[in-house]
Amino acid sequence: MRHNPNYLLREIAHIPYLLPYGQLIADHRPGVRLNKTGAWLWRQMETNQTTEGLRSLFVSQFAPSPEELPFLEKDFSQFLHTLQLYHMLENDPSHTDSLEHTQAPLSYPSIPPTDAPHTSICIGGLHIKIIGPREALGDYFHGYESCFDTTCQTITLRFPASDTPQLFCSGHMDRTPLLHSRDLVLFDMGDFYLLLFPSMKYIREAWLAKDASQADIHCVPGLRNPLREELFHAIRFLFLYLAQKHHRMVLHSASLLYRRKAWLFSGSSGTGKSTHTNLWHKQFHVPLLNGDLNLLALENGKPVIHGLPWCGTSGISQTGTYPLGGIILLKQSQKDFMETLSPDARQLLVLQRLISPVWTPDQLDACLDFVEALADHIYIARLHCTQKNTAAETARQEIDAYISP
């Protein structure tokens, strides 16, 4: 019996948590808070243990009296039951690797041509060169085009001369599957990542250098509007990786400008973040910044957000940079009130709303470090809210009290 290696033991505000990464993120597995005893048991399971062997270690470590022993064993059984409930044990029969038999297309990194037509864009201070026909991008990056001498990432759009069938390798190429979802299948190919997009029809695959400096997107022949839309979304995956390399994270949230600062409202799908920001817009006539995603950064120790072209179906996006005031986490309720959160809950809830890559342990740690640093500079609270005007008024009163105590 060993614990699932895709859960990592980490501390958030000095509280131990088991946090998922990789495929478990795609499977929407939750993080679990532990006490010190649970954290100790988890560490013992880094080597293969039988249940009886682990129980013996547990009893030996805490040396209970005869009267305490039944309660200690009950705690032990409940702990193992919790791990089984959340599929945290490697020998759990309900945990299967859905990636094990997935085949990866044969694709290799190549050097982009130096004289090919290209488009230069700048998002959040990150300069990206996209090599390929300008018309392939449509108007999706309008407002972000720029001229610059240095490039953080070069993306090459590749169109084959004919619509030849895609070549799949049959196990000869070294590859490590990292995650599989309806939108993304990801392989670690050694020096680069291979990305497949199951829901896309006109993009075959993409490869991404691990230093984020280069990427290729392989498309089917011909330019058409569906391809332009798919390219826009495929480039987002590449940008998220690049942004994380430069200590910028993307939060799933709607944002507005109030008292010269950006305020982000985040919640799970269907919670009503767009509904809530629209209440602010109608009642208080504040500008809306983005309807779906926001790029967060700490620049010279000060939190800011940068505009993004990706904004979901809202159509609301801005290209500017704004000081970040805070993040309000929304939860539907029958009445409106603001909940003060513990330090670990503030960080955990923000971490769970990031869409930045968590493919590897290092990426999880990068997200954790960023959220910990960010939480020291901004207001974070949870708003239990209705869809009435009173929800926006409740939030505004709390923000005003925070800004001007």
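## Overall fold and selected residues

In the protein chain, 65% of the contacts with a separation of 6 or more are between residues 24 or more positions apart; a contact means heavy atoms within 4.5 Å. The model is predicted, so local features need pLDDT of at least 70 and side-chain atom pairs count only at pLDDT 80 or more, while totals for chains, interfaces and linings use all residues. Residues are numbered from 1 along each chain as its sequence is written, and side-chain values use heavy atoms, with hydrogens and water left out.

The protein chain contains 9 helices and 20 strands, where helices (H or I, at least four residues) and strands (E, at least two) are DSSP runs numbered from the N terminus. Along the principal axes, the C-alpha atoms fill a box of roughly 80 × 60 × 35 Å.

Of the 405 residues, 51% are buried. Buried means under 20% relative accessible area, exposed over 50%, and partly exposed in between (1.4 Å probe, protein chains only).

Helix H5 spans residues 225-245. The distance from its first C-alpha to its last is 31 Å, close to the 30 Å expected for its 21 residues at 1.5 Å a residue; the expected span is 1.5 Å times one less than the number of residues. Because 15 of its 21 residues are buried, H5 is largely enclosed by the rest of the structure. Just after H5, His247 has a positive phi of about 60°.

Two loop residues may be considered next. Arg175 lies between strand E6 (153-158) and strand E7 (176-180), whereas Ile355 lies between helix H7 (343-353) and helix H8 (361-375). Both of the following values place the residue in the partly exposed class.

| Residue | Relative accessibility |
|---|---|
| Arg175 | 25% |
| Ile355 | 28% |

For Ile355 and Phe237, 118 residues apart along the chain, the C-alpha separation is 9.7 Å. Leaving aside neighbours within four places in sequence, Ile355 is in contact with Arg236, Leu240, Val250, His252 and Leu293.
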